[in-house]
Amino acid sequence: MNNINFLLSSINEIKGVGKKTSEILKKKKINNIFDLLYRLPHSYTDRRIKMKIVNLQVGKISTIKVKVKKYQFPRIRNLPKKVICEDETGTIDCVFFNSYEGYIRKILPLNEEVTISGKINYYKKRYQITNPLYVSQESNLIDKIHNKYSLTDGITEKTYNNIINQVLNKLPNIDEWLSSNILNKFDNLSWKDSILKLHDPKNIGKFKENFYQRLVFDEILATLLVFSEIRKSIKKIKKENKKFNPNVLVKFEKILNFKLTNDQKSVLNDINLDLASQNKMFRILQGDVGSGKTIVALISAINVIKSGYQVAFMAPTEILANQHYSLAKKIFPKEICIDLITSNTMAKNKKEIQAKLANGKLNMIFGTHSLFQKKINFYKLGYIVIDEQHKFGVKQRKALSDKGGVNCDVLLMSATPIPRTLTMTIYGDMDLSIIKEKPKFRKEIITYSKIENKIDEVVKFVKKEIKGGNQIFWVCPLIKESAKIDHASAIKKYEFLKKIFPNQVTMLHGNIESKEREKILKDFLKNKYKILVSTTIIEVGIDFPNANVIIIENANKFGLSQLHQLRGRVGRGDKQGYCILMFKSNLSENAKKRINILKKINDGFFISEEDMKLRGFGDLLGYKQSGEKIFRLADPIHNQDLFILAEKEIKRIEREEKTFKYYNLIKLYDRAEIINELV
Ligand code: ADP
Ligand code: MG
């Protein structure tokens with residue numbers, strides 16, 4: 001067996017690991033020896049021989065070398081069995097409950113010298129150890145520091161240590177995969193030495209030491225290498241390039257009543273270069289809420305259409321698809337033929353649209369993910385834009401890109417600003433463009449917090465805003481009252497507000513039929529109603545230039561990033577935006593901290609970093625439910641420097657290394673599997 005295969009071999013291969021043990025380990029996601037090596041000890045027990053019987057301290061775990069003097073086995077079955085042992089300073093009793101005589105005689109043979117370790121008790125003026133687990137004539141098996149790993153029921157510390165020690169003793173050398181330059185940064189510690197140090201009790205908690213950093217780096221490098229390979233394979237695909245006409249932008253800026261920001265222009269340039277090149281585009285556009293991604297995507301679509309291709313624009317919700325479609329209808333040149341497919345589209349219309357997509361009469365289609373059903377065939381699809389789909393995993397993205405065919409470019413857009421290290425982990429297979437800047441005239445949203453019982457003040461504020469011609473979102477965490485959770489519900493709030501603001505309040509939530517939902521939104525957009533009570537359904541992407549106040553009930557129920565997203569629904573026009581976070585009085589320290597961050601800061605990227613620090617990075621994108629950890633050791637919060645270093649190294653590898661010498665690294669870490677399961 002070569003060294004890599006040894007590390008990848010099943011834990012069943014280890015002596016002492018039977019079916020039962022291996023099943024327990026597998027439940028803890030320890031399938032092979034490599035997995036086992038990456039479970040760290042969290043503390044240890046010192047079982048070194050340090051004293052004689054006379055010095056023993058009651059209640060402490062101690063290890064002593066003694067001679068077995070006498071058995072006291074009572075006739076009555078259920079009484080404890082006793083073995084009296086001694087050294088030159090005193091005596092101690094080993095007391096056994098529920099153990100067989102034969103077993104006791106075997107581990108503690110009369111007149112022999114044995115080493116015993118356990119907690120020291122004192123009973124009827126005699127020292128004793130009850131049911132000692134650590135008993136051996138070979139003192140070196142016990143006389144040392146024993147690591148403690150987090151174990152599940154059914155596996156004792158002794159068994160686990162026995163397993164891991166066997167593996168550590170047999171640990172093979174493996175060919176170094178790190179370049180000498182990088183290895184140097186980690187004091188030239190090999191993988192094997194690093195692993196041995198990882199399990200050395202002296203090193204518990206030493207996350208900043210070279211051995212640990214090296215192993216973290218290995219893991220990050222393995223992750224980025226897999227992405228690099230995916231990227232390369234996408235880049236290899238040669239496509240027909242699209243024609244790029246700079247006049248499109250000039251014409252557009254005349255139609256729009258604003259100029260693109262510098263960031264928008266530079267991103268548009270990234271995209272246009274990709275579209276006009278012979279390499280397939282696979283790009284993610286990140287930009288804070290309200291940074292103006294939609295317009296960038298629409299302008300880029302025009303060139304694609306003018307080059308003779310079709311474009312598919314996919315949004316996560318029908319409301320949003322509708323809005324993008326309406327915007328395009330308003331600003332696209334008349335000769336471009338566009339349409340929308342939602343679940344509300346009549347069957348007859350749907351057929352017609354499908355036919356037009358198939359024969360090329362339709363240039364662009366808007367819709368939800370139903371756009372990619374089997375039934376829908378394109379005449380010549382050249383560009384897919386996907387809005388707000390951060391829940392799309394690597395596999396789904398790849399499938400989509402494949403469905404589009406060789407000539408199809410792909411652009412993903414996300415308003416979930418996430419820290420760079422996380423972007424590398426999740427979107428590493430894509431090229432990245434970022435819009436940081438917001439449109440110039442836009443004012444920062446002013447954020448207040450209010451205790452629930454001061455709702456009168458909030459109502460007063462709302463009255464004033466309505467008088468000024470503004471509209472209000474009122475967000476509740478629940479649709480209906482719940483006996484279990486004490487949170488505000490949309491229905492109750494709606495009833496409450498209707499009395500104060502007759503004929504001015506409408507309501508939106510997930511239980512309302514989608515046709516009805518659309519009508520509600522349209523009416524609100526037309527300013528028929530002043531207040532829209534809703535659940536978080538309005539969270540993603542919708543654009544209401546006239547709404548400038550958002551009130552969020554039970555604000556402490558939401559994560560920072562989510563609150564920032566919700567807040568981004570207002571202040572999109574040129575008016576001053578306000579966000580009022582309502583909460584109950586009993587706020588936790590953590591909740592207070594979060595509310596203060598929101599009050600002070602409007603930058604989504606910064607907020608997501610804070611969110612990550614407070615909640616951990618898995619939670620940020622909502623894929624923690626699976627319980628799956630993305631990394632064994634690496635941590636996008638604490639290892640930012642190593643992520644940056646790995647990114648640089650990847651670029652060097654892509655540039656300089658002709659042969660691929662990282663198979664072992666990738667094989668061991670099996671990042672491809674984990675990456676596929678991401679999000
Ligand atoms: P997001 O990036 O959150 O998807 P949108 O594309 O929905 O943002 O844009 C938000 C609002 O800002 C829209 O009303 C849009 O018309 C407007 N907008 C976009 N770009 C600019 C700009 N450069 N100047 C002024 N307003 C802009
Ligand atoms: Mg958007």
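How many helices and strands does the secondary structure of the protein come to? The count is 25 helices and 22 strands. Both are DSSP runs, numbered from the N terminus: helices are H or I over at least four residues, and strands are E over at least two. The structure is a predicted model, in which local features need pLDDT of at least 70, side-chain atom pairs count only at pLDDT 80 or more, and totals for chains, interfaces and linings use all residues. Residues are numbered from 1 along each chain as its sequence is written, chains are lettered from A and ligands numbered from 1 in the order in which they are written, and side-chain values use heavy atoms, with hydrogens and water left out.

The pLDDT (the predictor's confidence in each residue, from 0 to 100) averages 88 for the protein. A score of at least 70 is reached by 95% of the residues. Residues 623-628 fall below 50. Beyond near neighbours in sequence, this stretch has 12 contacts in the model. A contact means heavy atoms within 4.5 Å.

The C-alpha trace spans about 100 × 65 × 45 Å along its principal axes. The protein has 679 residues, and 53% of them are buried. Buried means under 20% relative accessible area, exposed means over 50%, and partly exposed lies in between (1.4 Å probe, protein chains only). The accessible surface comes to about 32,800 Å². Carbon and sulfur atoms hold 50% of that surface. Areas come from the Shrake-Rupley method with a 1.4 Å probe; for residues, only the protein chains shown count as cover. Among contacts between residues at least 6 apart in sequence, 74% join residues at least 24 apart.

One open sheet has six strands in the order β17-β22-β21-β18-β20-β19. Its pairing is parallel. Two strands pair if DSSP finds at least two bridges between them. The edge strands are β17 (446-451) and β19 (505-508), and each pairs on one side only. The twist from one strand to the next averages 20°. Axes here are lines fitted to C-alpha atoms, for helices over the stretch in contact, and angles run from 0 to 180 degrees between N-to-C directions. Within this sheet, β21 (residues 547-552) and β22 (residues 578-583) share four bridges in the parallel sense. Ile 550 faces Cys 579 in β22, standing opposite to that residue. Helix α16 (residues 455-467) lies across β17, β18 (471-475), β20 (531-534), β21 and β22. The helix runs at about 150° to β18. Helix α17 (residues 490-500) also packs on the sheet, where it touches β18, β19 and β20. The direction of α17 makes about 175° with that of β19.

A second open sheet holds seven strands, ordered β6-β7-β4-β3-β2-β5-β8, with mixed pairing. Strands β6 (121-123) and β8 (134-136) each have a single partner strand, so one side of each is left without a neighbour in the sheet. Neighbouring strands are turned by 40° against each other on average, direction ignored. Strand β5 (residues 113-119) pairs with β8 in the antiparallel sense over three bridges. Ser 117 stands opposite Tyr 134 in β8.

Side chains of opposite charge can pair when their charged atoms come close. A salt bridge is a side-chain nitrogen of Lys or Arg within 4 Å of a carboxyl oxygen of Asp or Glu. By this rule there are 32 salt bridges. One of them joins Arg 126 to Asp 93, with the closest N and O atoms 2.8 Å apart. This pair links strand β7 (residues 126-130) to strand β4 (residues 90-96), and its partners are 33 residues apart. Arg 126 is partly exposed at 32% relative accessible area. Asp 93 is buried at 2%.

Lys 438 and Asp 288 meet at 3.6 Å, N to O. Lys 438 sits in the loop between β16 (431-435) and β17, and Asp 288 in the loop between β10 (282-287) and α11 (293-306), 150 residues apart. Lys 438 is partly exposed at 30%, whereas Asp 288 is buried at 3%. Salt bridges that share partners also join Glu 649, Arg 652, Arg 655, Glu 656, Glu 657 and Lys 661 into one network.
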